[in-house]
Amino acid sequence: MQWEVVIGLENHVQLTTNSKIFSGSSIKFGAEPNTQASPVDLALPGVLPVLNRGAVERAIRFGLAVGARIAPVSVFARKNYFYPDLPKGYQISQFEDPVVQGGTLSFWYEKDGKQEFKTVNLTRAHLEEDAGKSLHEDYAGMSGIDLNRAGTPLLEIVSEPEMRSAAEAVAYAKQLHSLVMWLGVCDGNMQEGSFRCDVNVSVRPVGQKEFGTRCEIKNLNSFRFMEEAIHYEVRRQIELIEDGGKVVQATRLWDPDRKETREMRTKEDAQDYRYFPDPDLPPLVISPEWIEKVKGDMPELPQAMRKRFVDDYGLPEYDSNVLTSSQEMATYYEAVVSKAGKENAKAAANWMMGDVSSTLNREGVSINESPVEASQLALLLKRIADGTISNKAGKEVFAAMWEARSTDENLADIVIEQKGLKQISDTGALEAIVDEVLAANAKSVEQYRAGKEAAINALIGQTMKASKGKANPAQVTELLKKKLAG
């Protein structure tokens, strides 16, 4: 039997406010346990929650970015369940009337060695408070409870179950991660729990309309873990069904050491949480004027910038998508093009996606930490374009510039001069070398003139060797063709 995978994601995005969603407590990461939990966070008698305006504005910003409807009136509800690190015995969330409704997210992903484009519909994004944290490692036979995180503002972003592979799900999550960082609504730090993924996975026979029974894999904080967990869970469900068993709706955890999911609890449905409107919080009213104000403060969105890169710089869609993967990368690229000129826009894109990105990955640094400044890279591209050096020599120059860690705008010229990498572009000097090569390689000359055009490659190679790699390849080819035709 052929099986189809069905995946939907719920992403918990910690918002970049200074204080919690319903209190003035700090949300700074790394504080001593239980030093940032106020009476409001603990729901002690006599306290009332007050909604953080900054959290709402970040939700509006996200909603506008994905083309969603911003609800003019939304309601906060109590989600009732017991867990040791949930001090109130309920979580303040949104149920029937979320602040952000609908929207879409588009992304590229790899399928069968090719890049595919996909758009996934979003169901909703709602505001809620985070729970505390249970600590198990440092307490023999016991668990410690740290309530510093209780009340931290979250935006839970829920997709429709429209993804059909682990590759699609990971690409979606990466695009969402990039977007919330671009908008400044989240710092994106997955190690600190600022961006967490819950993945709902089910399988069904190909052609069947009804969904299979889903399992939710909770709190994945790495894209690699997400991919591994989906692959495992899909195999587990298919094998279970084919062996005559049934998938039980459950919440599962990913064990990265044993490379398997394991059941945490049977999955609850909405009715199990006994939602009801929070009596301590009035409905959230968002006026059109407030939405317009937030819109006016937003940066250029990635999708608009991608279109501009295609229209203004003539870049392929794939290139523009890679270059807008982060605001910092896009800013660096535009700074390079502004100095190198639009005629070098594609070359700049190639370098950004090639040598620059590979070096950043190898060194484990971001584009903001690159020791090669945009203006320095621009000068290097201009020297390649004007024939001062070859593209191959440019790679050597870039590596030397990276190691030099100099702020001199003329660094490329300095390195070229120090390493003696200037191409020989003087026609007279090149002609002398070409004549020597032709005289020493009569057989290749004879083959070319007999119609074997590939023979010229050997002559080009010999000329480059004779010039110690400094000859301008384009001029060499032109000279050889001219002389061989005579």
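Me: What counts as a helix here, and in which helix is the place of Q237?

Reply: Helices are DSSP runs of H or I with at least four residues, numbered from the N terminus. The model is a predicted one. In it, the run covering residues 223–242 holds Q237, and this run is helix α4.

Me: Is Q237 buried or exposed?

Reply: Buried means under 20% relative accessible area. Q237 has a relative accessibility of 0%, so Q237 counts as buried.

Me: Which residues does Q237 touch, not counting residues up to four places away in sequence?

Reply: Contact means heavy atoms within 4.5 Å. With residues up to four places away in sequence not counted, Q237 of helix α4 touches V201, S202, V203, T213, C215 and V247.

Me: Which residues is L127 in contact with, leaving aside its neighbours within four places in sequence?

Reply: L127 is one of the residues that touch the most other members of the largest nonpolar core. Leaving aside neighbours within four places in sequence, its contacts are L15, I21, A55, V56, A59, F76, S93, Q94, V99, L154 and L155.

Me: How many residues are in the second, separate core?

Reply: Besides the largest nonpolar core of 68 residues, there is a second, separate one. Y333, V337, I367 and L380 are included in this second core, and its residues number 41.

Me: How are α11 and α12 oriented to each other, and why?

Reply: Helix α11 covers residues 391–404 and helix α12 covers residues 411–419, and their axes are 10 Å apart. The angle between them is about 115 degrees. Angles of 65 to 115 degrees count as roughly perpendicular. The orientation of α11 and α12 is therefore roughly perpendicular.

Me: What is the make-up by class of the contact of α11 with α12?

Reply: The crossing of these helices is right-handed. From α11 the contact takes E396, V397, A400, M401 and A404, and from α12 it takes L411, A412, V415, I416 and K419. By class, the contact of α11 with α12 has two charged residues, no polar ones and eight nonpolar.

Me: At what angle do α9 and α11 pack, and how do the residues of their contact divide?

Reply: The axes of helix α9 (residues 345–363) and α11 are 12 Å apart, at an angle of about 35 degrees, and the crossing is right-handed. W351, D355, V356, T359, L360 and E363 of α9 meet N391, G394, K395, F398 and W402 of α11. These residues divide into three charged, three polar and five nonpolar.

Me: Where is K259, and is K259 buried, partly exposed or exposed?

Reply: K259 is in the loop between β14 (250–255) and β15 (260–266). Its phi is near 55 degrees, a positive value in a residue other than glycine. The relative accessibility of K259 is 39%, so K259 counts as partly exposed.

Me: What is the phi of R405, and where does R405 lie?

Reply: R405 is not a glycine, yet its phi is positive, at about 50 degrees. R405 lies in the loop between α11 and α12.

Me: What distance separates the C-alpha atoms of R383 and S38?

Reply: R383 lies in helix α10 (residues 374–385). Leaving aside neighbours within four places in sequence, R383 is in contact with T388, I389, D413 and I416. R383 and S38 are 345 residues apart along the chain, and their C-alpha atoms are separated by 61 Å.

Technical notes. Residues numbered from 1 in each chain as written. Predicted model: local features only at pLDDT ≥ 70, side-chain atom pairs only at ≥ 80, totals over all residues. Heavy atoms only, no water. Axes fitted to C-alpha atoms, helices over the stretch in contact; angles between N-to-C directions. Helix = DSSP H or I, 4+ residues; strand = E, 2+ residues; numbered from the N terminus. Parallel < 35°, antiparallel > 145°, perpendicular 65-115°, else oblique. Left-handed = near helix turned anticlockwise from the far one by under 90°. Nonpolar A, V, L, I, M, F, W, Y, C, P; charged D, E, K, R; others polar. Core = buried A, V, L, I, M, F, W, Y, C linked by side-chain atoms within 4.5 Å. Buried < 20%, exposed > 50% of the residue type's maximum accessible area, 1.4 Å probe, protein only.
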